[in-house]
Amino acid sequence: MSNKKIKLIIILGPTASGKSSLGISLAKKNNGIIISADSRQVYKGMDIGTAKVTKKERKIVPHFLLDVVSPKKYYSAAQFKKEALKVIDKYSSQKNIFVVGGSPFYIDSLISKKETFNIPPDYDLRKKLEKLSPEKLFKRLKKLNPKKAKKIDKNNPRRLIRAIEVAKAKPKSKKNKTPEFKVLKIGLSRPREKLYQKIDERVDKRFKQGMVKEVEDLRKKGLSWKRLNSFGLEYRFVAKYLKGQLKKEEMVQKLKYAIHDFVRRQMTWFRKDKSIHWIKNQKQAESLINKFLK
């Protein structure tokens, strides 16, 4: 990569805030490409439950790091960073780079020089940890890293396992190869009640689109119940429904509440980042981008 600072425009926000549509619109207007920074959209066959952009939308603006790997395999933030840097290296001289997503960990891995992102997966440790419940994983993390435990989703085994892995590992002292980026972070803000309404409408729409069938298809491809549970939210609740642990109406309502709760945690995380420029509409975003690209 060139020594010149590469400009990255990051579009982020909570689930159902409309960041994907905004990202497409802004990237199209500003000769851009989009790198998806979403920890579930990297997986093939997980489309409805992750609100993955459609093939039609991908024709409007080129998208990268969607459908990268089978959901049977693990995909780490370090892998995301490696692949994202390749895309940036290839296109940054001709295109503006937009990073769009709701996974703060992926975004941080790309722009941060922290050594923790260089820690490779420990598959032996993961096999042992996968046998534990989220409650036991959370207790273990709390002992290893109380500070991290306060910030993490204690119901997400995938995140808990990675956090324990990082806490137990010793970062390699090799020089971090993250290039110097000039970053503009734009956060899409919505009033909470409107966001909850949008979430509820989107959940209903997903079931009409075939959310249950998507999970059934993943099962047919060999995904275990445990693996589906690790993807959280839609996949966890539909799995419970298919196992007969929840009735359909109960599943839908509990899922809506769980996503509301998830959004509250997302916003708590985002609000800590004082470098984010919060906007209410596209016009405000365009103004920030015009100044940034000059």
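How many helices and strands does the secondary structure of the protein come to? I looked this up to start, and I found 14 helices and six strands. Helices here are DSSP runs of H or I with at least four residues, strands are runs of E with at least two, and both are numbered from the N terminus.

A note to myself on the source: this is a predicted model, where local features need pLDDT of at least 70, side-chain atom pairs count only at pLDDT 80 or more, and totals for chains, interfaces and linings use all residues. Residues are numbered from 1 along each chain as its sequence is written, and side-chain values use heavy atoms, with hydrogens and water left out.

Next I checked the overall form. The C-alpha atoms fill a box of roughly 55 × 45 × 35 Å along the principal axes. Of the 294 residues, 48% are buried, meaning under 20% relative accessible area with a 1.4 Å probe, counting protein chains only.

Then I turned to helix α12, residues 233–242. Is α12 largely enclosed or open, and why? Seven of its 10 residues are buried, so the rest of the structure largely encloses α12. I listed the buried ones: L233, E234, Y235, R236, F237, V238 and A239.

What covers them? I found that the cover includes α8 (157–168), α9 (192–209), α10 (211–220), α11 (225–230) and α13 (248–271). Contact means heavy atoms within 4.5 Å.

Conventions
Buried < 20%, exposed > 50% of the residue type's maximum accessible area, 1.4 Å probe, protein only.
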